[in-house]
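This report covers strand pairing and helix packing in the model shown below.

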Amino acid sequence: MKCYDELVARGLIAQVTDEDEIRNMVNEGKAVFYIGFDPTADSLHVGHFMALCLMKRLQMAGNKPIALIGGGTGMVGDPSGRTDMRQMMTPETIQHNCDCFKEQMSKFIDFSEGKAMMVNNADWLLELNYVELLREVGSCFSVNNMLRAECYKQRMEKGLSFLEFNYMIMQSYDFYELFKRYGCNMQFGGDDQWSNMLGGTELIRRKLGKDAYAMTITLLLNSEGKKMGKTQSGAVWLDPNKTSPFEFYQYWRNVADDDVLKCLRMLTFLPLEEIDAMDKWEGSQLNTAKEILAFELTALVHGQEEAEKAKEASRALFKGQGSLENMPSFLLSDGDFNENGLIDILAILHKSGLAPSRAEARRNVEQGGVSVNGEQMKDIKKTFGKEAFRGDGIIVKRGKKNFMKVTL
């Protein structure tokens with residue numbers, strides 16, 4: 001099966017501008033394509049995961065990826081999918097986030113000589129002359145057409161700033177510059193970027209008289225239609241210091257039964273025949289499929305060794321098999337205890353990150369959702385001395401799936 005046909009079979013493609021042309025370019029390794037990443041944090045997250053996997057698949061087929069970091073567009077902010085205005089960032093913050101992105105992307109994309117590029121649109125956007133941009137680029141855009149774009153419709157009710165209104169023009173200009181500078185003939189992105197991407201192909205056609213192409217990736221939604229990659233405590237990050245390999249593994253291990261095969265197809269590099277054979281699996285077999293999914297994705301992001309550790313820790317916690325050595329842990333300090341050398345259960349939950357606040361920790365205990373070493377905690381004033389945390393410490397559980405080994 002050729003590259004483009006596999007993308008279709010895996011359910012990755014949402015919309016394309018010219019399917020026959022894109023199929024030929026991708027299959028023949030002639031696509032020089034870009035995907036944009038706005039540096040709104042110092043780590044990529046699961047929302048970026050599918051784009052990275054797509055870039056890896058296309059590079060393996062001989063195509064050349066360009067990772068475009070939005071150092072310039074990040075100064076404005078993309079209104080797509082937003083009900084409010086994004087927070088403005090300083091140039092220093094944007095540069096730091098860009099540096100973090102490249103390190104993480106290198107796990108998916110081979111940036112060696114001639115195989116891929118990472119560029120920053122600040123290189124051209126921040127040098128633009130406003131009047132010149134209005135004359136040369138603004139004249140190519142219809143305000144009526146722009147206002148029909150879905151990304152603007154969502155914001156019109158609450159108020160769309162002129163700053164954000166320029167985002168489509170800026171993203172279109174990116175494609176135009178990449179086409180001129182690097183021969184970039186294709187743009188890929190999330191399905192919510194379709195209007196912005198069409199703006200780029202149209203600008204290239206009008207200014208250069210050349211054809212360029214766009215393809216959107218299916219958004220990663222769960223069976224309830226919500227974007228995947230969020231937990232009660234926030235985003236699932238690719239940075240191990242923000243989301244540990246164990247937490248990352250557990251996120252995928254706990255996906256809904258209805259979502260596991262879709263995730264296997266869209267995100268892993270397992271052969272389709274192997275995944276198709278799982279279509280008839282049910283009951284406990286689906287748990288096996290979830291373990292496969294969690295292991296494959298953790299290995300992709302954090303490496304084989306960390307995936308093995310996360311798998312072993314998960315089995316030790318939930319099946320009583322293997323060692324607890326690699327489970328998430330939190331180290332208390334002497335300063336965490338009161339003058340009597342004690343710490344209460346609410347402080348343990350809060351300090352270890354199992355609960356975002358003491359108030360939430362209190363609710364968890366009162367609702368019977370907390371246990372220590374298998375014993376349910378019912379008293380919000382329950383305290384522990386330092387001796388309880390020496391050696392192997394204690395295992396604190398909140399809810400069905402959140403564990404922490406707490407030591408001193």
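Contact here means heavy atoms within 4.5 Å. Axes are lines fitted to C-alpha atoms, for helices over the stretch in contact, and angles run from 0 to 180 degrees between N-to-C directions. Helices (H or I, at least four residues) and strands (E, at least two) are DSSP runs, numbered from the N terminus. The model is predicted: local features need pLDDT of at least 70, side-chain atom pairs count only at pLDDT 80 or more, and totals for chains, interfaces and linings use all residues. Residues are numbered from 1 along each chain as its sequence is written, and side-chain values use heavy atoms, with hydrogens and water left out.

An open sheet of six strands has the order S1-S6-S5-S2-S3-S4, with mixed pairing. From one strand to the next, the twist averages 25 degrees. Helix H3 (residues 46–60) packs on this sheet, where it touches S2 (32–37), S3 (64–69), S5 and S6, and its direction makes about 165 degrees with that of S2. Helix H11 (residues 194–208) lies across S1, S5 and S6, at about 170 degrees to S6.

Two strands pair if DSSP finds at least two bridges between them.

| Strands | Sense | Bridges |
|---|---|---|
| S5 (residues 186–190) and S6 (residues 213–217) | parallel | five bridges |
| S9 (residues 329–331) and S15 | parallel | three bridges |
| S14 (residues 394–398) and S15 | antiparallel | five bridges |

Phenylalanine 188 stands opposite methionine 215 in S6. In S15, valine 406 faces phenylalanine 330, and methionine 404 faces valine 396.
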